[in-house]
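The sequence and the model come next.

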Amino acid sequence: MNILVLNASPKGNYSTTVHTALYLQALHPEHTFTFIPVGQRIKQYEKDFASLRKELLQAELILFCYPVYTFIAPYQLHRLIELIKADGVDLCGKFASQITTSKHFYDVTAHRYVEENCLDLGLKVVRGLSADMDDLLTAQGQKEAENFFKQLIFCCEHGFFEAPLPRVPKKERAVYRPVLPTVPKSKEKDVVIVTN
């Protein structure tokens with residue numbers, strides 16, 4: 001399988017997150033991994049998106065790798081998704097997943113953000129791996145990474161992915177508009193009504 005690893009960490013190859021993908025690459029030489037440090041090259045892609053477009057089109061599986069710092073994905077990944085959408089590259093039908101590292105404090109927010117944007121792009125989303133910063137140093141963490149990858153490849157080969165939630169049309173809600181009571185005018189003094 002042709003796997004494109006989009007490393008959105010600003011640390012590039014020094015990222016803890018991308019080392020999980022490198023570990024999986026070492027375990028599975030039967031798959032072709034292409035690593036792109038989009039986190040470090042985001043300014044370059046703002047000027048010329050052609051080389052990244054070519055890689056996206058060749059990929060069968062897009063694997064987003066990024067750290068979760070404070071509740072959400074780093075700016076570089078936000079910008080990358082904006083550039084992909086603005087370019088209009090057709091990714092429909094390709095598979096996508098993600099590997100993150102965090103301290104598991106609202107990392108679900110970041111995962112949902114990436115999943116929803118992948119669904120917007122027509123990608124087939126497979127639930128990602130949320131690892132702790134030190135997981136790859138433990139036998140348990142390595143086993144979790146291996147199991148994630150086996151499940152990911154199984155899903156891609158057998159066509160299992162998360163179906164998008166049905167879009168419910170938004171109902172127009174009534175807007176509260178306060179009605180001030182009418183106060184009879186007095187000839188002796190002015191009436192002032194102060195509201196919050």
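## Cores and a helix pair

L80 touches L6, V38, I42, L52 and F64, leaving out residues up to four places away in sequence; contact means heavy atoms within 4.5 Å. This is a predicted model, where local features need pLDDT of at least 70, side-chain atom pairs count only at pLDDT 80 or more, and totals for chains, interfaces and linings use all residues. Residues are numbered from 1 along each chain as its sequence is written, and side-chain values use heavy atoms, without hydrogens and water.

The largest nonpolar core has 30 residues, and L80 is among those with the most contacts inside it, as are L6, L52, L56, F64, Y66 and L77. A nonpolar core is a set of buried Ala, Val, Leu, Ile, Met, Phe, Trp, Tyr and Cys residues joined through side-chain atoms within 4.5 Å; buried means under 20% relative accessible area (1.4 Å probe, protein chains only). Another core, of 21 residues, lies apart from it and includes L24, F95, F148 and F149.

The axes (lines fitted to C-alpha atoms, for helices over the stretch in contact, with angles from 0 to 180 degrees between N-to-C directions) of α1 and α6 come within 10 Å and cross at roughly 70 degrees. α1 is therefore roughly perpendicular to α6 (65 to 115 degrees). Helices here are DSSP runs (H or I, at least four residues), numbered from the N terminus.

| Helix | Residues | Contact residues |
|---|---|---|
| α1 | 16–27 | T20, Y23, L24 and L27 |
| α6 | 139–158 | Q142, A145, E146, F148 and F149 |

Technical notes:
Buried < 20%, exposed > 50% of the residue type's maximum accessible area, 1.4 Å probe, protein only. Helix = DSSP H or I, 4+ residues; strand = E, 2+ residues; numbered from the N terminus. Parallel < 35°, antiparallel > 145°, perpendicular 65-115°, else oblique.
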